Amino acid sequence: MLEHIESLIQQHRHQEGGLMLLLHSLQDALGYVPAEAVAPIAKGFNLTRAEVHGVITYYHHFRSTPPGRTVVQVCRAESCKACGSDELMAQIEQHLGVKAHETRADGAVSLEPVYCLGLCAQSPAIQVNDRLFARVTTERLPALLAGVETA
Ligand code: FES
């Protein structure tokens, strides 16, 4: 893993916005940004570990722990909230046996609130791994979650 991190550092360290590009690449590859990555990234970008940690924790997108095998994201931004995302979140929590911001103990699923999936005109929206779903209703939800392991 550290070799992979070093390779990403070399790839991105001289790019504008390289730190963000690296963090995205790392999370795409591993599913999260491991704590072990902070020190080498800080060194590679001539930053303090606190600065790198600050970036990772500032953006909700970045995870510091491995996600479940399935990641369900529910948009909680204004448009989706106005169109029923609270009800969707409650239904998903009950259906999958996991609370928002948590990964189920068996590692099957993580449930993450997110703040805009870019489908505001078709709210409410959710994402299951890489698949986006718009105009989600409580009636449609069970079918959309059919492939997700239940507790
Ligand atoms: S507010 Fe939910 S997709 Fe933008």
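In this predicted model, helix α3 buries V38, P40, I41, A42, G44 and F45; buried means under 20% relative accessible area, exposed over 50%, and partly exposed in between (1.4 Å probe, protein chains only). Local features need pLDDT of at least 70, side-chain atom pairs count only at pLDDT 80 or more, and totals for chains, interfaces and linings use all residues. Residues are numbered from 1 along each chain as its sequence is written, and side-chain values use heavy atoms, with hydrogens and water left out.

**Helix α3**
- Six of the eight residues of α3 (residues 38-45) are buried, so the helix is largely enclosed by the rest of the structure.
- Helices (H or I, at least four residues) and strands (E, at least two) are DSSP runs, numbered from the N terminus.
- The buried residues of α3 pack against α1 (2-12), α2 (18-30) and α4 (49-58).

**Cysteines**
- The structure holds zero disulfides, a disulfide being a pair of cysteine sulfur atoms within 2.5 Å.
- C80 counts as buried because its relative accessibility is 2%.
- C116 has a relative accessible area of 39% and is therefore partly exposed.

**E93**
- E93 lies in helix α6 (residues 85-96).
- Leaving out residues up to four places away in sequence, E93 touches V98, K99, A100 and L111, where contact means heavy atoms within 4.5 Å.
- From E93 to G118 the separation is 25 residues in sequence and 23 Å in space, C-alpha to C-alpha.
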